[in-house]
Amino acid sequence: MPEEGARLLPLPGGRAPGPRPLPGPQYGDAARLSRLAALRAVAATPRGLTEGEAESRLAEYGDNLVLPLPEPTWPGRLRAALADPFAALLAALAGVCALIGSWGSALILGALVLTAGLLRLHGERRTAAALRALRALAPSTATVLRRAGRSELPTAREIPAEQLVPGDVVRLAGGDAVPADLRLLRAQGLTVDQSALTGEATAVPRHALDLPPAQPPGGPFDEPQLCFAGSTVVTGSGTGLVLATGAATRFGAAHQPGAAADQGPSAVERGVRRAVLALILFMLAAVPVTIGTDTLLHGWTGTLLPFAVAAAVGLTPELLPVVVSSVLARGSRQLAAEGLLVRRLPAISELGALDVLCLDKTGTLTTGELAVAGALDPAGRPDPQPLRWAALLGEAALLHDEPGLLDPLDEALLDAAEAAGLLAGPAPAVLEVIPFDPELRRSGAVLREGSRRLLVLKGAPEAVLERCTRLAPARPGQAPRPLDAPARVELDRLVEDRTGRGLRLIAVARAEHEPRLGGHRLADEEGLTLLGFVELSDEPVDSAEEALALLSRSGVTLTVLTGDHPRTALRLAERLALAPGRVLLGAELAGLDEAEIAAAAAEQAVFARCTPEQKARVVRALRRAHRSVGFLGDGVNDVPALRAADLGIGTAGAVGAAREWADLLLGGRDLVLLGRALAVGREATARVAAYLRIALSCNLGNAVSMLAGGVLLPFLPMQPAQVLLQNLCFDVAQLSFAVSGRAAGPGERPVKLRWGALAGFAAAFGLLNSLSDIAMFQAMRTVTHGFTAASSESMFHTAWFTENLVTQAIALPVLYRLSRTRLRPPRPVWWAAGLLAVVGLLLPASPLGERLGFEALPLAAYGPLALVVAGYAALLGAGRWLWWWRLERARVS
C-alpha cells in the first residue's frame, strides 16, 4: 500500500495512477519496494520513459535544479533594505527636516539611511553567491535511457541534468555525480562518496537489493539500494530509477532558501533591535508630551515645531549604525591580522555572545584523511605483513583502474606501506583483480609469486573471518593454526576492542592454490588463512585538544554533530577530553522534542549518524532555548547547520558552498585561533553593550528632563540648534569606542546583550541623569531669581548645555565598564570624555556660542553647577558599585 498521504502521479495513456513521490525527502513506498514494484509505483519501466512522457513530467515537476538562483527585483531589494525600523525612523526624520528647511540635518540623516541600505544589499549579494556555490555542485549532464515511442528500443544518451524527471532510468559510472535521488535497479561493485550528505569520509557500498529488509539498518543514508543527489560514484557502475528531482531530493530539501535558514534574528541582533525600538518609544512618548505640556502651560509658539523636530533628532542616536559598525570593523581587522576572514560584520558580536559551539567531526576536528594506525597479527601483536599484503592489493587495483579513481583506503595503505619500506622488493605479478563487492564486502586479487598462485582478500572483519579456517603462524616457518570456536571468540573480542577505540579494522587473508586455467571462482575463497588486521584512523587536528580546552574554560558548551559511527565519535570526544554526557543517534531525534534536544546538547552530548537536516534541527533547538549557537564545519552536509546557527564558522579546507555560507573563515588548520576570535568578539560585544547602555540611559534621561523642563520652565528647555549640536558632540565622542585599546582575554563567560538588563540599566541610570538635570534646573532658578532676570532663558540654555555635556563626559568612562565584561575604557575614551567636557565649558563663550544663542554665565552660577556635577559623579559611582554588587550576587546565586 502506498504511504499515507502520498499523492498520485497521473500516468500518460490513461493507465491507473501510482503513488507520486512526495515533495521533500520522502518518496512514499517506492524507495522500499521491490525493483519491479518501485518501477510500477512511479509509472516507469526498465527501458526508460518515452520522450513524450518525459516532457509532460518535466512540465509538472519542473527542472531538476537543486537551488534555483533568486532574482529579486530592485524595488524588492530596496524594500528589504529599508525594512529595518531604525532606518525607517531616520528616513522619516530626514523627510521632516527637509520639510521645515533643516537641510543639513536632512542630508546627514539621508546619508545614514543610504549607508544602512547598502549594507543590507551587500548581505543579499552574499546570499546569492552562496546559492550559486551550492548549485555548482550539481552535475551538468546525466546518462539516461529514453525512447522515441512505446514500441521503440531505448537508447542511452547524455542530457542536461536539469531535464531529469521522476521515473527516468539513469546510468552511473565511476566519477559520476549522482544527479537525483535514485532507487538502484542494478549495481556492480558500486561505492559512493556521501560525505556531502553525511560527513563520513569513507565511501559506502551500494547494491540493488530486490527487496529491502523490513526494518532499515539505520537512517535513510544507510539503505544500500538508494543513492542520493549530492553524492559521487567512487567505484563500480549501476543503473537507477529516479524517485525525486530538484528541491524534492534530500540534498535539495536541506539546502533550499529558508529550509534551514535563521529562525529570526540572532541574540545580538535582537538586543540591538530592542534597544533601537526602546529609543524610538522614548522619542515618540517624550517629544509629544513635552510639546503638549509646554503648549498647555505657555501657549503655542512658532518655535515649538522646530524644537519638536530637533528634540526628536536629538533623542535619536543617529550614529548608532556607524558606532556599532566601526566597533565590529575594528574586530574584523584584528581577526584578519590573525588569519581569520570575517565575511559578515555582525559575526563579531555573535562571537562575543557565543555560549554553545556545535562541531562537525570529519575534516573539522579531524584531518578528514584515513591514516594507517598500525597492523596486527591474529593475536593482536604488531605485525607488518597484513599491511604489506593489503597495500599490494591497492597497487593491483591501481594498475587495473584509472589512477584518479583510486580508492582513498588503497591510497592510505600504499602510502603507509611505502613509508615503512614494505614494498621495496619485487611485487607479485597480478593475474586478476577482484573488485569490491558490496554484498560480499571484500575485494582482492589473484597474484603469482614465483610458482605459487595466491588469492589475497581484504575487507570487513566479519566478512573475511567467515571465509577463514586457519590463522597465520606466530613465527615464520611454523604451520598455520586452526581457527576453532575459542579462537573465533578471541578474534571477536579483539575486533570489538579495537573498534571501541575509534579505529576501523580491515581484515586480510590469503590462500595458496595450484596453478590452473580459468579465472577466479567464489569457491576459491573458502579455507583462507587469516593474516591479521590493518588499523585505520582519522586523526584529530593537532591543535584540536588545546583549542577545545580553551573554549571550555571560556564558558562555551561544546557538542559534536557528525554522520559517523557513534563509537568513532565517542572515542574522538574522549581523546579530545570533551567528556560527553551521552551519545544520541540521529534516528533518536525523531522521538525527542526541541527542549529535550537542547538539554542534551547543553550536557555536551555527542550526536552521531546525523543527517544534514538533523544537524540543523539540533542548532535550531538550541537557539529556541535562547542559547547563542555557533557551528564549525567544512562540508556541504554542514550547510544547513551553518545557515541555522547564529554564527557559522568554516575551516580552512571547507568546500565552496560551506565557505560561502560561513560567517567566519579560519585561515589555517590551527583551531586555537578560535580562542583568539572569541576574545576579540567578546571585547567588541562588550563595547557595543557599553555604547547601548550609555546611549539608552542618556537618551532616557534627556527625555525625562525635557518633559520635566516643559512643566518646570517658563520657556523651551533648549533651542533646536542647541539640541542638535549637543547630540552631535555626544555621538562623535562615542566614536572613541571603536578606537583600539588594550584587549582583555576571552574571560569566563559570554557577553550577552540581554534586553532586560539593558532596560533596567537605562531606567536606573537614566533617571539618575534626569535627577541631576532637575537639580540644575533648581540651581539656575535660584541664580536667575526665579527666571526673572533679563537673560534668564539664554543663561539657562548655556547652563544645561554645559551641565549635559560634562555629565555625559563623566558617564562615558564610568558606565563603559561593568564587572561582567572585564573591559576597561581604552585611552581614547578618556580623551574623548575630556574633550567633550572642554567643549561643554568653552563653546558657549565662543563666537559660535553667541550665534547659537548662548550667553556667558555669571561666576555665581559656576558654584551650584559644580555641586550638581560633583553630586552626579558621586551618585554615578555609587550606582555603578551597586549594579556590580547586584550582578555578582546574582551570578553566585
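## A buried threonine in a loop

In this predicted model, T784 is found in the loop that runs between helix α24 (755-783) and helix α25 (792-816), where helices are DSSP runs of H or I with at least four residues, numbered from the N terminus. Residues are numbered from 1 along each chain as its sequence is written. Because the model is predicted, local features need pLDDT of at least 70 and side-chain atom pairs count only at pLDDT 80 or more, while totals for chains, interfaces and linings use all residues, and side-chain values use heavy atoms, with hydrogens and water left out.

T784 has a relative accessibility of 1% and therefore counts as buried, a term that means under 20% relative accessible area, with exposed being over 50% and partly exposed in between, for a 1.4 Å probe and protein chains only. A polar atom of the T784 side chain lies 3.1 Å from the backbone nitrogen of F787. When residues up to four places away in sequence are not counted, T784 touches A789, S792 and M795, contact being defined as heavy atoms within 4.5 Å.

Q726 belongs to helix α23, which covers residues 720-734, and with a relative accessible area of 6% Q726 is buried. Its side chain is joined to that of N804 by a polar contact of 3.1 Å; such a contact is a pair of N or O atoms within 3.5 Å, and within protein one must be able to donate a hydrogen and the other to accept it, while residues adjacent in sequence count only if both atoms are side-chain atoms. Apart from neighbours within four places in sequence, the residues in contact with Q726 are N702, M718, F801, N804 and L805.

## Aromatic rings

The structure holds ten aromatic pairs, counted for rings of Phe, Tyr and Trp (its six-membered ring) whose centres lie within 6.5 Å, with planes under 30 degrees apart called stacked, over 60 edge-to-face and the rest tilted. F765 is buried at 4% relative accessibility, and W883 is buried with a relative accessible area of 11%.

One aromatic cluster is formed by F715, F777, F787, F796 and W800.

Key:
Helices (H or I, at least four residues) and strands (E, at least two) are DSSP runs, numbered from the N terminus.
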